[in-house]
Every structure is written in C-alpha cells, then in structure tokens.
Amino acid sequence: MNTVKIDKYFRGMIAHRGLSGIETENTINAYVAAANRSYYGIECDVYTSKDGKLILTHDDTLLRLGMLNIHIPSYQYDEIRKFTLIDRKTGFLSDTLTIPLLKDFLSICKTYQKQAVVELKDNLTPSDIDQVVADIERYHSLNDTSIISFNDKYLLYLRKNHPDLTLFYLSSQMNEKVYELCEKNRFHLDIDQKAIDEATIKRFHLIGLKVAVYTVNDKETAEKLIKMGIDFVTTDILE
C-alpha cells in the first residue's frame with residue numbers, strides 16, 4: 001500500500017498521527033514513514049503518564065489499538081512502554097510497536113527537517129505544557145513547530161507565557177465566537193473540512209492568519225480545498 005498523490009505543487013500536507021493510513025498511528029514507524037515522504041509536517045497527540053512523561057497517543061485507553069481496557073495516563077511510562085499495539089498492516093499485536101515519547105517524535109522531525117505539529121490532549125497541567133515547550137526547544141525547534149488544541153485554555157496559557165509560538169485553535173465548527181477568539185489571540189485555525197468555506201479562508205488571510213483542515217482522505221476534496229486557498233491539509237493517506 002502507498003499514499004495517494006495529489007496536487008504536486010501544494011506544500012502544505014500534514015501526516016495525521018504520522019502516516020497513519022499505512023502504519024499504526026502515533027508510533028515511531030508512522031512518524032518515520034511520513035518523514036521519508038514529501039509531507040511538510042507530521043502531527044502527534046500528547047498526553048502525560050502517571051509519572052509526568054509526555055507520551056504520544058490519541059486515545060486515553062488501549063481498547064482500539066492494544067485490545068486492553070486500561071486507562072493509559074493512570075500508568076507510569078515504564079509500564080506503558082511494555083504495552084504492545086496492533087500493527088495496522090497485519091492486524092496483530094506487535095512487540096515492536098509501543099507508545100513513544102514526545103522527544104522521540106521531535107527528534108525524528110528534526111532529523112528529517114519536518115514541521116512538528118503537536119496536539120495537546122486532555123490531561124495536561126500548566127507544568128506539563130511548559131515541559132512540552134522545553135522539549136520542543138531541546139529536541140527540535142520552536143520556529144519549526146506548531147501547537148494545536150481544542151482546549152482554548154491551553155492556547156491562552158501558551159500565548160501569555162510563550163508569546164512567539166505558532167498556535168492553531170482546533171474546532172469542529174465555524175462561528176463568530178471562533179473567529180473572535182482567533183483574531184484576538186492570534187490563533188491560526190485548524191478546522192473540520194466540512195465546516196470551512198472559501199469566504200472564511202479569505203477572512204482569516206486578510207488578518208494574517210492561516211487555515212488548516214482535518215482530516216482529508218479524499219483526493220478530490222483535498223484538491224478542491226487547495227483551490228480555495230487552504231494553507232494546510234491534515235491527512236492519513238494523501239500526499
């Protein structure tokens with residue numbers, strides 16, 4: 001299996017949780033697979049473990065990817081790294097697939113010169129968020145990283161304490177409240193593909209803000225969005 005090629009002149013494709021259309025999401029394999037291709041950026045999801053390690057997983061349980069009904073953040077990382085995940089290619093648990101750390105992801109992005117797109121999930125404290133920024137500075141680059149979140153409080157904290165960061169507000173819908181939040185705090189927008197239109201893209205561009213969409217796996221839809229002027233497209237399989 002390989003990626004589905006789209007407009008070769010567009011340079012804003014983001015690999016969702018790594019190349020998750022081919023490899024198991026949020027694993028080293030998925031990140032390296034994306035890094036070896038033409039993606040502008042690679043996205044990951046950050047939680048914390050019980051002992052405060054920054055771990056990469058979209059779900060807070062292992063039901064979907066590890067066939068275990070456990071709450072991942074309730075375990076220390078030494079325990080978490082022993083849980084095996086399902087290989088997307090075979091459908092079986094694999095000893096080589098485990099939950100990595102944020103620093104592993106950032107090191108890959110630095111090595112392959114990719115934009116790191118870091119999504120902050122639900123259980124983070126202000127000190128956790130500060131550690132995310134510290135890890136980015138240590139293992140990659142603040143200039144080559146975007147932080148995204150559905151949690152506006154996280155983004156407001158970052159804007160106050162780390163004002164130069166590139167921040168995207170994640171939203172499933174578009175309304176005046178979303179626009180005003182972004183305009184006031186200089187948040188770029190990362191929005192559900194079904195909730196965006198060309199007028200909104202232009203409106204954000206007029207105030208110097210960018211617009212990304214998630215998660216687009218249909219070639220025609222992606223190319224339509226590109227013609228509308230979208231800046232970034234998050235995808236599992238398009239390239």
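Analyst: A residue is called buried when its relative accessible area is under 20%, exposed when it is over 50%, and partly exposed in between, as judged with a 1.4 Å probe and protein chains only. The model is a predicted one, in which local features need a pLDDT of at least 70 and side-chain atom pairs count only at pLDDT 80 or more, while totals for chains, interfaces and linings use all residues. Residues are numbered from 1 along each chain as its sequence is written, and side-chain values use heavy atoms, with hydrogens and water left out.

With that scale in hand, we can turn to R17, which is buried at a relative accessible area of 12%. R17 forms a salt bridge with E25, and their closest N and O atoms are 3.1 Å apart; the term stands for a side-chain nitrogen of Lys or Arg within 4 Å of a carboxyl oxygen of Asp or Glu. E25 also counts as buried, at 10% relative accessibility.

A second pair is made by R64 and D59, whose side chains meet in a salt bridge with 2.8 Å from N to O. Here R64 counts as partly exposed at 40% relative accessibility, whereas D59, at 16%, counts as buried. These two pairs belong together, for R17, E25, D45, D59 and R64 are linked in a network of salt bridges.

Elsewhere, E223 forms a salt bridge with K219, the closest N and O atoms being 3.0 Å apart. Both residues lie in helix α9, which covers residues 219-228, and they are 4 residues apart, about one turn of the helix; helices (H or I, at least four residues) and strands (E, at least two) are DSSP runs, numbered from the N terminus. E223 is partly exposed, with 22% relative accessibility, and K219 is likewise partly exposed, with 35%.

Finally, buried residues make up 54% of the 239 residues in the chain, and R17, E25 and D59 are each counted as buried.
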